[in-house]
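Here are my notes on this model, point by point. Please read them with the structure open.

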Amino acid sequence: MDPNVLFHRYVYGDEDAFTELIKTLREPLIFFAMRFVKSSSLAEEIAEDAFVELLIHKERFNFSSSVKTYLFTIARNKAINYIRRNSRLTDDECLETVEADVESLEERVIKSDEAKVLYKVLDRLNEDYRNALWLVYVEDMSYVEAGRVLGKSTKQIENLVYRAKAAARKELEKEGIVRED
């Protein structure tokens, strides 16, 4: 069901609608947060925090965007705050703590060899490129919604997606995957 409809139902007293909203957006929110923090357990916490933020401060949501866009923006901000607070850890410490977690999640989610290559290629892209592609193509957000989540204009998102696709195409060619048109 549409997240906006579910949130409207919740606001008007249907407590079960919020549970349905969580079921609808929980996994996409976790995967999006994981793009930042590289840990499924941390991404789950960030997603939960985003839902709690919406639940506690439902009056802050003014319906000028979709609920999905609003939650993804909250999750992005929480992930960035987490990264800033924990930037004191060395790369090796971070790698040791999340490496197994990331690998197990990747194995569950990405099954085919081509999908693994694509996932690996996406990880090589600039963070802005990755996030723009993820929001537009995986989360099926419009350029306007993706811009709101990433704090960029619609034109900037259009440019990021265009450049990201070109960069991904080059990386895929390096991997031996040639697009046949």
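1. Ile-177 touches Val-117 and Leu-172, leaving aside residues up to four places away in sequence. Ile-177 and Val-117 are 60 residues apart along the chain, yet their C-alpha atoms are separated by 8.9 Å. Ile-177 itself sits in the segment after H9. Its relative accessibility is 31%, so Ile-177 counts as partly exposed. Keep in mind that this is a predicted model.

2. Overall make-up. The protein has nine helices and zero strands. Read from the N terminus, the order of elements is α-α-α-α-α-α-α-α-α. Of its 181 residues, 39% count as buried. Among contacts with a separation of 6 or more, 65% come from residues 24 or more positions apart.

3. The core. The largest nonpolar core holds 51 residues. Those with the most contacts inside it are Leu-21, Leu-29, Leu-54, Leu-71 and Leu-135. Two or more residues each come from H1 (3–11), H2 (15–37), H3 (40–56), H4 (67–85), H6 (113–124), H7 (127–138), H8 (143–150) and H9 (154–174). H2 gives the largest share, 11 residues.

4. Leu-135 in detail. This leucine is one of the core residues with the most contacts inside the core. Which residues does Leu-135 touch, not counting those up to four places away in sequence? They are Phe-32, Phe-72, Asp-140, Met-141, Ala-146, Val-149 and Leu-150. Asp-140 is worth a look in the viewer, as part of that list.

5. Asn-131 lies in helix H7. Is Asn-131 buried or exposed? Its relative accessibility is 2%, under the 20% cut-off, so Asn-131 counts as buried. With residues up to four places away in sequence left out, Asn-131 touches Phe-32, Arg-35, Phe-36 and Leu-150.

6. The surface. Accessible surface comes to about 10,900 Å² for the protein. Carbon and sulfur atoms account for 49% of it. Val-11, Tyr-12 and Phe-63 make a nonpolar surface patch of about 330 Å². Tyr-12 is found in the loop between H1 and H2. At 71% relative accessibility, over the 50% cut-off, Tyr-12 therefore counts as exposed.

Note on methods. Residues numbered from 1 in each chain as written. Predicted model: local features only at pLDDT ≥ 70, side-chain atom pairs only at ≥ 80, totals over all residues. Heavy atoms only, no water. Core = buried A, V, L, I, M, F, W, Y, C linked by side-chain atoms within 4.5 Å. Buried < 20%, exposed > 50% of the residue type's maximum accessible area, 1.4 Å probe, protein only. Helix = DSSP H or I, 4+ residues; strand = E, 2+ residues; numbered from the N terminus. Contact = heavy atoms within 4.5 Å. Patch = residues over 30% accessible without salt bridge, like charges linked within 9 Å, V, L, I, M, F, W, Y side chains within 5 Å. Areas by Shrake-Rupley, 256 points an atom, 1.4 Å probe, with all protein chains shown as cover. Salt bridge = Lys/Arg side-chain N within 4 Å of Asp/Glu carboxyl O.
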